[in-house]
Amino acid sequence: MIEFGGGALDPGRWSVFENVACLVSIGSSNDLAREVIDIYFQEEQKLPATVFLAEDQPGARGRGGREWKAPKGRGVYLTFVRPAPGGEPLSVVPIAVARWTREAIKESCALAAELKWPNDLYVGRRKLAGVLAEARTQGDETYLAVGIGINVLGPAGEVGVPDATTVEEETGRAPSVLTALQALLDRLDRELTRADWSREVEEWERVSLHRPGDRMRVRREGKELTGQYVGLDPCGFLRLKTPSGEAVVANGELDEW
């Protein structure tokens, strides 16, 4: 058993995750993961699949360095790192992890969220959880660090981020953070063991909050692109129907959907 957050996690069913680092507090588990990867690169060592858990993350961030809140004992905050096998579609991994996170929340908390492109979880118009993936490459080696944050406890008004929500706010019940964390780690390990990346785009679209024809406005690199949602391409990129034809968007922020 692994002691964490006043309780214990059972690693008995895990076959992918080899190391688990349990932290009381860390500014950002993604930043820590990046530093650890760089150290292993410098030492020319192999970094096994590792999970960094934190009870709180005062320096938590979302995509593009946007602020996110991760107060102690209120949610699930982690980053997992693993070597990316050759041929693995790195752009599909984050959307797959978002879907796996959704399934873990549904299983452990009886709350069915929907997925917002590129890799956020929403209930209605409010954000419940997010995924942030970052790849680091040196020579022929690539590691992928995937951060996950889930708002579990407390009222939405105390999250400290506009238009956010929590599992407790949505269900009227205060679930166990450790139960949610165990369910998430079990799901991640199980899915990574038998990953079938070819089906992940279709599975993501099945539980997405977007529907064909929805009007979207995407902000990227200081520019805006407006169009109608078509779906995702095989890489997990957004397909939009615009007046000038179909556009494929690899990354960006949805200002309107």
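Here are some notes on this predicted model, point by point.

1. Ground rules. Numbering starts from 1 along each chain as its sequence is written, and side-chain values use heavy atoms, with hydrogens and water left out. Since we're looking at a predicted model, local features need pLDDT of at least 70 and side-chain atom pairs count only at pLDDT 80 or more, while totals for chains, interfaces and linings use all residues.

2. Aromatic pairs. Searching the whole structure turns up 4 aromatic pairs. Rings of Phe, Tyr and Trp (its six-membered ring) pair if their centres lie within 6.5 Å; planes under 30 degrees apart count as stacked, over 60 as edge-to-face and the rest as tilted. One of the pairs is W14 with F17: the ring centres sit 6.3 Å apart and the planes are at 85 degrees, so this pair is edge-to-face. Both W14 and F17 are buried (buried means under 20% relative accessible area, exposed over 50%, partly exposed in between, with a 1.4 Å probe and protein chains only).

3. Another pair worth a look is F17 with F80. With centres 5.8 Å apart and planes at 55 degrees, the rings of F17 and F80 are tilted. This pair links distant parts of the chain: F17 is in the loop between β2 (7-9) and β3 (19-25), F80 is in strand β5 (residues 75-83), and 63 residues separate them. Helices (H or I, at least four residues) and strands (E, at least two) are DSSP runs, numbered from the N terminus. F17 and F80 are both buried, and W14, F17 and F80 make up one aromatic cluster.

4. Helix α4. This helix covers residues 177-193, and at 1.5 Å a residue its 17 residues should span 24 Å; the end C-alpha atoms are 24 Å apart, which agrees. (The expected span is 1.5 Å times one less than the number of residues.) 13 of the 17 residues of α4 are buried, so the helix is largely enclosed by the rest of the structure.

5. Helix α2. Same check here: the 17 residues of α2 should span 24 Å at 1.5 Å a residue, and the end C-alpha atoms are 24 Å apart, which agrees. Of those 17 residues, 14 are buried, so α2 is also largely enclosed by the rest of the structure. After α2 comes A110, with a positive phi near 55 degrees.

6. How do α2 and α4 pack, in angle and axis distance? Helix α2 (residues 93-109) meets α4 at an angle of about 135 degrees, and their axes are 9 Å apart. Axes are lines fitted to C-alpha atoms, for helices over the stretch in contact, and angles run from 0 to 180 degrees between N-to-C directions. The two helices are therefore oblique to each other; angles under 35 degrees count as roughly parallel, over 145 as roughly antiparallel, 65 to 115 as roughly perpendicular and the rest as oblique. α2 passes α4 in a right-handed crossing (left-handed if the near helix is turned anticlockwise from the far one by less than a right angle, right-handed if clockwise).

7. The end of β9. I150 is in strand β9 (residues 141-151) and counts as buried at 3% relative accessibility. I150 and L121 are 29 residues apart in sequence and 8.9 Å apart in space, C-alpha to C-alpha. N151, also in strand β9, is buried with a relative accessible area of 5%.

8. Contacts of T165. This residue lies in the loop between β9 and α3 and is buried, with a relative accessible area of 0%. The backbone oxygen of T165 is 3.1 Å from a polar side-chain atom of N151, and the T165 side chain makes a polar contact with the side chain of E170 at 2.6 Å. A polar contact is a pair of N or O atoms within 3.5 Å; within protein, one must be able to donate a hydrogen and the other to accept it, and residues adjacent in sequence count only if both atoms are side-chain atoms.

9. Backbone spots to check. E44 is not a glycine, yet has a positive phi of about 55 degrees; it is in the loop between α1 (29-43) and β4 (50-56) and counts as exposed at 72% relative accessibility. D163, not a glycine either, has a positive phi of about 60 degrees. D163 lies in the loop between β9 and α3 (167-171) and counts as exposed at 57%.

10. Cis peptide. W117 and P118 are joined by a cis peptide bond, with omega about 5 degrees. P118 is in the loop between β6 (114-116) and β7 (120-123).
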